[in-house]
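Biologist: I have the structure open beside the sequence. Can we walk through it together?

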Amino acid sequence: MTVFAVTLGALGVLVALFWLLFGSPATETPAPLDARDTEEFLPVNCRYFPQIRQMLETEDHQFMRRRVPRHIEVEWRRERRGILGQYLSGLGQDFGRLERLARLIARLSPEIRRAQEWEWMWLGIRFRLLYRIVELKIALGSSSADDIARLTDPIAGLAAELESRMSLIAECAPSHLHADFGG
Amino acid sequence: MVQCTLVRMGLSLFQSMQWAIGSLLEAAILVLALRNGALRRLPFFTAYLGLLVASEIARWLVFQYVGINSRFSFDAYWTTQALLVLSRAVVVYEVCRALLSPYAGIWKLCRPLLITSGLVLAGSAVATARRRVHPISATTLMAERGLEFAVVSVLIFGLIFCRYYGVRIDRYLAWIALGLGFYSAIQVANNTFLGTWLTHAHFTIWEALRNASFNVATIFWVVALWKPLPAMKPAPVLLARGEYDRLAPQMTLRLRELNTRLLEMWK
């Protein structure tokens with residue numbers, strides 16, 4: 001049993017090593033940074049929330065239940081869940097962008113705080129766990145547009161603040177901003 | 001004459017061939033390293049390659065004059081082996097430093113963690129080996145397994161930091177790190193097998209696996225050092241000192257808020 005576990009462990013270590021060393025999304029791109037690159041780091045999906053909310057609220061839930069046949073209502077719910085799911089996925093991407101920016105700032109800072117870094121790491125882990133749970137909730141049809149709104153506001157607020165800072169960071173390390181956060 | 005020498009040393013023709021090929025590879029890689037400027041960039045790695053060649057010569061001399069089955073040969077082999085494992089640990093630290101030290105903040109965060117984890121793992125390996133009541137060969141194997149485990153753990157720990165912060169890994173460093181990690185991971189498994197089934201038949205397999213895995217690691221290093229090492233990149237321009245302190249609280253606040261919202265949606 002021990003031998004089997006150790007063999008599996010060694011194989012796991014080798015796979016992990018290979019992935020950590022060669023599976024990196026980082027590819028050197030010597031071209032200078034331009035406006036499109038800085039935009040890659042800023043949250044974008046949360047900006048479209050008003051349109052999404054409008055679209056989701058135009059159809060009244062009660063109205064659908066009373067006036068349309070059952071199979072159409074089921075289809076409507078399915079599509080609505082699909083839209084919410086896609087939007088949640090976009091918010092996850094926004095979170096990822098913010099997180100990558102936080103790491104970039106840490107990487108380019110001469111002094112960083114350990115407690116701060118651990119907190120960011122913990123927030124990232126927790127967000128991903130919660131994200132999966134909410135995704136499941138949407139799939140089961142028990143989440144509303146208001147829920148997504150609560151998720152969106154903080155990212156949108158931060159986006160505006162960061163936009164003003166990006167030019168400063170870009171000036172400091174253009175080539176670093178470019179390459180290392182491909183995924 | 002060669003056969004006579006081999007008989008006196010206690011080595012079979014196959015073992016001798018394997019040893020000769022391994023030694024030649026080690027010598028070739030040392031030459032490559034010196035020719036391609038590794039001494040300047042990775043002095044500990046180059047010194048380790050030199051130590052490898054020196055230890056092969058020392059072992060060959062001991063085995064030839066005393067015989068492979070003597071107690072002196074056993075001690076000589078494991079002493080040089082301990083030196084090589086410790087050198088590999090230093091090389092792993094050097095690789096992590098080469099990757100992370102250009103980023104002052106991350107390196108200050110990472111370095112104490114790497115050193116502490118390495119010392120704790122190595123200390124626990126030695127302590128576990130000392131407590132064992134098995135024959136000296138089993139104790140030595142377990143100590144070596146623990147040290148190899150410490151080496152590969154520290155390497156993976158450092159690489160996780162690189163991955164997390166998006167630090168780019170140069171191709172030659174990646175191959176060197178792969179060689180170090182590959183050999184250590186195989187030895188951890190290999191020594192566990194032999195520790196479990198300590199028989200002569202298994203010893204032959206253990207020895208063959210050990211030599212083969214080391215030869216594979218040296219091939220990785222040949223790939224790393226085949227071409228001259230790339231020119232040193234200029235150090236990255238860092239942000240002003242106060243910028244992190246200004247940005248961090250805002251980002252933390254938003255990320256925390258986002259998590260809270262997500263938590264509310266879940267409830």
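Modeller: Start with a helix face. Pointing away from the buried side of α1(A) are the exposed residues A:Phe4, A:Ala5, A:Leu8, A:Leu11, A:Gly12, A:Val15, A:Trp19 and A:Phe22. Keep in mind that this is a predicted model.

Biologist: Which residues of α1(A) are buried, then?

Modeller: Residues three or four places apart on an α-helix point the same way, because there are 3.6 residues a turn. The buried residues of α1(A) fall within an arc of 100° seen down its axis, so they line one face. They are A:Ala10, A:Val13, A:Leu17, A:Leu20 and A:Leu21.

Biologist: How far does α1(A) reach from its first C-alpha to its last?

Modeller: α1(A) has 21 residues. At 1.5 Å a residue, 30 Å is expected. The model comes close to that, with a reach of 30 Å.

Biologist: Which element of chain A has the lowest mean pLDDT?

Modeller: The mean pLDDT of chain A is 70, and 56% of its residues reach 70 or more. Over residues 26–36 of chain A the pLDDT is below 50, and this stretch has 18 contacts beyond near neighbours in sequence. Residues 174–183 of chain A are also below 50, with 29 such contacts. Helix α1 has the highest mean among the elements of chain A, 87, whereas the lowest, 46, belongs to helix α8 (residues 174–179).

Biologist: What pattern does chain A follow along its sequence?

Modeller: Chain A has eight helices and zero strands. Of its 183 residues, 29% count as buried. Read along the sequence, the pattern is α-α-α-α-α-α-α-α.

Biologist: What share of the contacts in chain B, between residues at least 6 apart in sequence, join residues at least 24 apart?

Modeller: Chain B has 10 helices and zero strands. Of its 267 residues, 37% count as buried. For contacts between residues at least 6 apart in sequence, the share joining residues at least 24 apart is 73%.

Biologist: B:Phe45 sits in α4(B). Which residue follows α4(B)?

Modeller: Helix α4 of chain B spans residues 43–66 and has 24 residues. Its buried residues are B:Phe45, B:Thr46, B:Tyr48, B:Leu49, B:Leu52, B:Val62 and B:Phe63. After the helix comes a residue with positive phi, near 95°: B:Gly67.

Biologist: Is B:Phe161 buried or exposed?

Modeller: B:Phe161 lies in helix α7 (residues 136–165) of chain B. Around B:Phe161, 21 other C-beta atoms lie within 10 Å. The cut-off for burial is 20 or more. B:Phe161 therefore counts as buried.

Biologist: What separates the C-alpha atoms of B:Phe161 and B:Ile106?

Modeller: Neighbours within four places aside, B:Phe161 is in contact with B:Leu100, B:Ile106 and B:Cys110. B:Phe161 and B:Ile106 are 55 residues apart along the chain. Their C-alpha atoms are separated by 8.4 Å.

Note on methods
Residues are numbered from 1 along each chain as its sequence is written. Chains are lettered from A and ligands numbered from 1 in the order in which they are written. This is a predicted model: local features need pLDDT of at least 70, side-chain atom pairs count only at pLDDT 80 or more; totals for chains, interfaces and linings use all residues. pLDDT is the predictor's confidence in each residue, from 0 to 100. Helices (H or I, at least four residues) and strands (E, at least two) are DSSP runs, numbered from the N terminus. Two residues are in contact if their C-beta atoms, placed from the backbone, lie within 7 Å. A residue is buried if 20 or more other C-beta atoms lie within 10 Å of its own, exposed if 12 or fewer, and partly exposed in between; C-beta atoms are placed from the backbone. The expected span of a helix is 1.5 Å times one less than its number of residues. The arc is that of the directions from the helix axis to the C-beta atoms.
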